[in-house]
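Thanks, everyone; let me put the structure up on the screen, and then I will go through a few points of its packing.

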Amino acid sequence: MTTTVAAVSGETGTPYTLSHLDALESEAVHIFREVAGEFERPVVLFSGGKDSIVMLHLALKAFAPAAVPFSLLHVDTGHNFPEVLDYRDRTVARHGLRLHVASVQDYIDRGVLRERPDGTRNPLQTVPLTEKIQAEKFDAVFGGGRRDEEKARAKERVFSLRDEFSQWDPRRQRPELWNLYNGRHAPGEHVRVFPLSNWTELDVWQYIAREGIELPEIYFAHEREVFRRAGMWLTAGEWGGPKDGETVEKRLVRYRTVGDMSCTGAVDSDATTLDAVITEIAASRLTERGATRADDKMSEAAMEDRKREGYF
Amino acid sequence: MSTITAEELSATTLLRFATAGSVDDGKSTLVGRLLHDSKSILTDQLEAVERVSADRGQEGPDLALLTDGLRAEREQGITIDVAYRYFATTRRRFILADTPGHVQYTRNMVTGASTAELTVILVDARNGVVEQTRRHAAIAALLRVPHVVLAVNKMDLVAYEEQVFAGIAEEFTAYASELGVPEITAIPISALAGDNVVEPSANMDWYGGPTVLEHLETVPVAHDLSHCHARLPVQYVIRPQTAEHPDYRGYAGQIAAGSFRVGESVTVLPSGRTSKISGIDLLGEPVDVAWTTQSVTVLLEDDIDISRGDLIVPSKDAPATTQDIEATVCHVADLPLTVGHRVLLKHGTRTVKAIVKDIPSRLTLDDLSLHPHPGQLVANDIGRVKVRTAEALPVDSYADSRRTGSFILIDPSDGTTLTAGMVGESFASPEPVKDEAEDDGWDF
């Protein structure tokens with residue numbers, strides 16, 4: 001395996017050095033195995049986005065040659081990119097995994113949730129997510145959140161205790177010492193677990209390249225019909241865009257994050273390969289969320305507030 | 001950066017480090033400058049900071065806003081919790097544990113230092129070594145952070161005088177060496193003006209050492225494992241029970257210290273059963289040798305009973321097991337720790353019942369004096385504690401192994417993390433006795 005050779009030669013020629021990707025991979029695998037060892041019903045949040053794809057890849061390696069001892073959970077906003085749903089279903093089938101789906105559309109159809117005036121469904125995910133966790137009695141929920149994404153997330157623990165209402169209280173977090181993660185929780189509470197806490201966007205892309213992981217095509221530059229709203233290129237769809245005055249045009253774009261279509265923007269790009277994407281990100285002067293996520297721009301503490309309610 | 005290939009980038013190493021400094025020592029400015037000058041602050045982040053700073057009527061962008069992420073922190077203008085920051089150069093990736101400087105947040109400094117390979121301790125050149133500096137040095141020594149950087153900041157306010165720097169460096173080095181800090185690098189800087197942080201200073205030609213970033217990029221992260229005790233806490237037993245792998249039985253874990261080889265004789269603790277390593281899988285790929293901190297799966301020649309919580313060690317180098325642990329602890333919970341307290345103790349992958357038998361002393365970090373039998377430890381206290389465990393544990397001295405010499409105490413009623421523990425003697429130096437110590441029995 002190239003990993004070992006690279007690690008032995010290292011940058012200084014010293015033996016027993018790990019490359020930064022090996023160190024991050026090893027840490028993430030340790031976290032997956034801690035949860036497998038200590039919890040009854042863990043579940044991996046899986047959206048078909050790059051972070052959850054990397055999480056699943058790490059889980060497959062962590063338990064090889066045995067199967068991943070977790071099921072998957074997708075919170076489906078109903079505004080998904082078709083390519084991503086297709087990727088999700090193929091992946092689940094290929095690895096023989098069980099997929100749970102919590103559907104925002106169901107909640108809207110039942111009248112429990114109401115569509116927002118701006119058509120954005122990301123904030124509506126919290127209720128289906130937390131109710132599914134309670135209904136299925138999941139006690140550990142893996143998320144692909146990274147601390148480099150947002151400053152409220154920079155304060156997040158690897159093991160993050162949530163109360164019976166799934167709430168996060170940043171002032172009452174457990175100190176996390178060495179690699180001794182504390183997963184104790186009362187019945188009804190659960191722990192959110194973030195194996196990619198210490199990864200950056202660039203680390204994720206480099207790891208995808210190194211491991212040769214397949215991604216949904218929307219991550220690579222392709223021609224797409226989009227329109228401009230609030231400084232972002234959005235894909236037209238049944239969710240309510242474009243409105244009057246917004247014109248659709250064909251552009252060469254790609255996505256840096258995958259989320260609800262109504263608030264996830266594409267960026268202009270001609271990066272059609274992994275190497276080109278990595279080069280583009282290394283040179284980018286915008287964070288992925290700043291560039292393409294409308295929901296984080298709602299207020300200075302938008303992420304912190306949503307996390308408190310139970311969002312990721 | 002665009003000329004570097006993905007392969008070259010992924011071959012860089014990772015350094016975890018922590019910063020420590022008092023409120024006005026310029027820690028936020030230093031962190032801000034490291035992030036800014038290494039081009040890790042992106043345009044939209046900087047714009048957000050500029051917007052909020054302007055809304056508040058501040059003249060320039062307040063770089064502390066980059067690191068203070070919570071509402072309460074922004075409202076109060078203080079850092080209340082550890083935040084983790086990420087930046088990179090072409091030579092190395094960095095994880096920075098940005099820890100608050102207030103005395104009441106000792107626990108956060110302990111948290112940040114527990115995973116750090118290096119600590120940067122900031123000093124204001126005008127004030128020199130103060131109580132808080134000694135406290136930071138003591139915590140770095142207690143947590144056995146391998147490398148310590150003394151950043152003498154605000155050199156611009158003392159006319160970049162070499163003598164000012166030399167005096168502070170000498171005083172600090174003498175103090176920290178006595179505590180057993182193995183490697184100290186003193187650097188004169190001005191975080192505000194940018195002297196010796198990323199770029200060498202034109203104002204201090206008398207200084208011939210590295211800049212802060214240069215030092216961070218080159219400090220060794222590999223260890224000489226030849227004298228390390230090899231330790232593998234078993235996290236999980238992998239048994240596929242499939243047609244393809246009917247008899248596969250692997251012991252998965254992250255190597256906590258040292259290295260393991262195929263063919264090596266090993267002992268499993270606490271049972272004491274022995275076997276030989278027949279194979280090592282490094283995440284699906286067989287290897288001949290593996291070392292700390294790789295996550296591996298070890299296969300043994302004999303089918304012996306091993307489960308999560310066990311420790312695999314070389315037969316020639318097995319630690320003793322004990323039910324009586326004496327350790328230096330930092331109490332991290334708001335409720336006090338008292339003698340008689342029934343707790344859970346997590347060591348490696350094993351969690352056992354335990355009882356606090358005695359609290360022989362409490363340490364005053366300011367002058368390292370000991371208060372005998374304090375009765376209890378409250379939040380942020382550091383003290384000596386004797387714990388009796390329900391089962392025998394194979395503990396190492398923290399001096400020998402940060403991973404297998406550390407533990408946490410947990411409140412069994414609500415799961416609160418109570419205490420961080422380090423087994424064995426506290427400071428590395430055999431006789432770090434201070435004149436101020438009241439009793440002659442220095443056991444820290």
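This is a predicted model: local features need pLDDT of at least 70, side-chain atom pairs count only at pLDDT 80 or more; totals for chains, interfaces and linings use all residues.

From helix H2 of chain A, the residues A:Glu25, A:Ala28, A:Val29, A:Phe32, A:Arg33 and A:Ala36 meet A:Met55, A:Leu58, A:Ala59, A:Lys61, A:Ala62 and A:Phe63 of H3(A), where contact means heavy atoms within 4.5 Å, and helices (H or I, at least four residues) and strands (E, at least two) are DSSP runs numbered from the N terminus. The residues of this contact divide into 9 nonpolar, no polar and 3 charged, with Ala, Val, Leu, Ile, Met, Phe, Trp, Tyr, Cys and Pro counted as nonpolar, Asp, Glu, Lys and Arg as charged, and the others, Gly among them, as polar.

Residues are numbered from 1 along each chain as its sequence is written, chains are lettered from A and ligands numbered from 1 in the order in which they are written, and side-chain values use heavy atoms, with hydrogens and water left out.

How far apart are the axes of H2(A) and H3(A)? They are 9 Å apart, and the helices pack at an angle of about 70°, the axes being lines fitted to C-alpha atoms, for helices over the stretch in contact, and angles running from 0 to 180 degrees between N-to-C directions. The two helices are therefore roughly perpendicular to each other, a term for angles of 65 to 115 degrees.

Staying with helix H2 of chain A, A:His30 lies in it and, at 5% relative accessibility, counts as buried, that is, under 20% relative accessible area with a 1.4 Å probe, protein chains only. Leaving aside neighbours within four places in sequence, A:His30 is in contact with A:Asn179 and A:Tyr181, and also with B:Gln235, B:Gln254 and B:Ser295.

Turning to the sheet in chain B, it is open, with 6 strands in the order S2-S3-S1-S4-S5-S6 and mixed pairing, where two strands pair if DSSP finds at least two bridges between them. Its edge strands, each pairing on one side only, are S2 (83-88) and S6 (183-188) of chain B. Strands S1 (residues 13-20) and S3 (residues 92-98) of chain B run parallel and are joined by 7 bridges, and B:Ala18 has B:Ala97 in S3(B) as its bridge partner. Helix H2 (residues 20-38) of chain A packs on this sheet, touching S1 and S3 of chain B, and its direction makes about 75° with that of S1(B).

Terms used:
Angles under 35 degrees count as roughly parallel, over 145 as roughly antiparallel, 65 to 115 as roughly perpendicular and the rest as oblique. Buried means under 20% relative accessible area, exposed over 50%, partly exposed in between (1.4 Å probe, protein chains only).
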